[in-house]
Amino acid sequence: MAASSPKPNRRVFVVGVGMTKFEKPGRKDDFDYPEMAKEAGTKALEDAGISYDQIQHACVGYVYGDTTCGQRALYQLGMSGIPIYNVNNACATGSTALYMARNLILGGLADCVLAIGFEKMERGSLKKKFTDRTNPMDKHMEVMMNGHGLEKGPVTAQMFGNAGREHMEKYGTKPEHFAKIAWKNHKHSTNNPYSQFQDEYSLEQIMNSPKIHDPLTKLQCCPTSDGSAAAILCSEEFVKKHNLQNQAVEIVSMEMGTDFPSTFKENSCMKMVGYDMAKEAANRAFANAGLSRDAVQVVELHDCFSCNELITYEALGLCEEGKAKDLIDSGNNTYGGKYVINPSGGLISKGHPLGATGLAQCAELCWQLRGMAGKRQVKGAKVGLQHNLGLGGAVVISIYRLGFPNARQQIQAVLASSSAAKDFKCNVIFEEIKENLDKDGPGWVKKMKGVFCFKVKGSGGKEGVWVVDAKNGNGSVKFGVDPKGDVTIIMSDDDMVNLMLGKLNPQQAFFQGKLKIQGNMGLAMKLREFQNRTKSKL
């Protein structure tokens, strides 16, 4: 498809996202960066319902690796001769790849771009790789050493820990406030299957875990991680041509910033770790979006250390300067409060594979705005805010919202006016699934562990929705309800029957456009269980 010419005020949408589970480095076999990228990229393509040959450019982010790892990673998805850009921008690498992808569409150079990030890391804290050249962090180190010296232990923990100390000295913040942030993020991660850690801790456990650099303890620091995440961006023309309005999330505004003179001249550790550049980029992003902070409900924020999350509340304008502790004490940074910050578990608990982090944040916000975040869903999420930081320095601030909110309402209206379930040939499939659940619901729930949404197109323009809950209690099958699930299967009535009879190959059906999958691809693979046990009546 030929790229469009530049257009003023062009809109850009995320139409597909995917990611791997983040893992401890080396924990999982056969998890080299090509395998990670293949999994995340495939999930994003399946979520969007498009094939790789429709991608016109690819922006690939990673920090540790050789020069053309991006090409090697994507050749598994397809070799279509497209430009592939390798991106490295410290911990902001993933969102920098996203920023580049968006700009390619804004500038009219492409209509469909893949942004993907991955990282295969070494265990332990980050270490410098080159000793024969100037360290890009030398000026940042000088600021820290001027006020706090250099101690034993991870350097990045010292930088952010000292920024936390500065906030304590300036505003009276207590160590408990930083610990409460880690407590919140670990708690959030228990509902995220992609999170490296899914354990809940008490506040006392967090504060009493091994000290890394006062006030930071081990459970307030992000781990090193392996993993990948991907997003597919496209123009409004592409969305409408391929009928993707129901899932399109608009990147309303996106700003990248770098350090100011104040980073080095004021001997402030808070400014050295990115306070001023985050503040400026956030102000530009909200101004360009025409939105206030009060419009935001859900935030994915770069909490590499709990200290950074706290000071960034103020940099982003989520509260007044010096009032972050009040935001925390009031509970306005979690469920039931004004904002839900890091529902994914954040870097502290979800993990931090450097090149993937920014794109994993994007995926989480898209799921939240689509209403597909499961148990961690933020009620009424309409606007999402993303903050991704890299020292050295770079920050990317993004604001998201549903691109076509009326599309979901229209689909709901169509579904509500559909005929009864018996008007669809495939209804017999769901009747038998219900019978199986009635016989052994707990067994099915234990095996399937997911909520499956089936959107079926029948004759005469009719549409039906079945939601098979094989995740909660004894399971259930419901027709004509709100189409929410961990994975969504979209097919015609006839094709659904043929698929369950084994007459239609799922892979061929996908590439022929007969089968669309949105959401958790791993669960989609379990459709074979339904297929194997629902043929008796067909």
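Guide: Ring pairs join Phe424, Phe430, Phe454, Trp466 and Phe479 into a cluster, where rings of Phe, Tyr and Trp (for Trp, the six-membered ring) are paired if their centres lie within 6.5 Å, with planes under 30 degrees apart called stacked, over 60 edge-to-face and the rest tilted. The model is predicted, so that local features need pLDDT of at least 70 and side-chain atom pairs count only at pLDDT 80 or more, while totals for chains, interfaces and linings use all residues. Residues are numbered from 1 along each chain as its sequence is written, and side-chain values use heavy atoms, with hydrogens and water left out.

The structure holds 10 aromatic pairs. In one of these, the rings of tyrosine 194 and tryptophan 367 have centres 5.4 Å apart and planes at 10 degrees, so the pair counts as stacked. This pair links distant parts of the chain, since tyrosine 194 sits in the loop between α6 (175-189) and α7 (203-208) and tryptophan 367 in helix α15 (residues 354-370), 173 residues apart; helices (H or I, at least four residues) and strands (E, at least two) are DSSP runs, numbered from the N terminus. Both tyrosine 194 and tryptophan 367 are buried, a term for under 20% relative accessible area, with exposed meaning over 50% and partly exposed in between (1.4 Å probe, protein chains only).

The rings of phenylalanine 424 and phenylalanine 479 have their centres 6.3 Å apart and their planes at 55 degrees, so this pair is tilted. It too links distant parts of the chain, with phenylalanine 424 in the loop between α16 (405-416) and α17 (427-448) and phenylalanine 479 in strand β15 (residues 476-479), 55 residues apart. Phenylalanine 424 is buried, its relative accessible area being 3%, whereas phenylalanine 479, at 29% relative accessibility, counts as partly exposed.

As for the annotated regions, UniProt lists residues 430-529 as "domain: SCP2" in an unreviewed entry, its positions being given in the numbering used here, with feature names shortened and annotations that may be inferred rather than shown by experiment. Over residues 430-529 the chain is 41% helix and 30% strand, with end C-alpha atoms 13 Å apart. The annotation "domain: Thiolase C-terminal", also from an unreviewed UniProt entry, covers residues 268-391, over which the chain is 46% helix and 11% strand, with end C-alpha atoms 14 Å apart.
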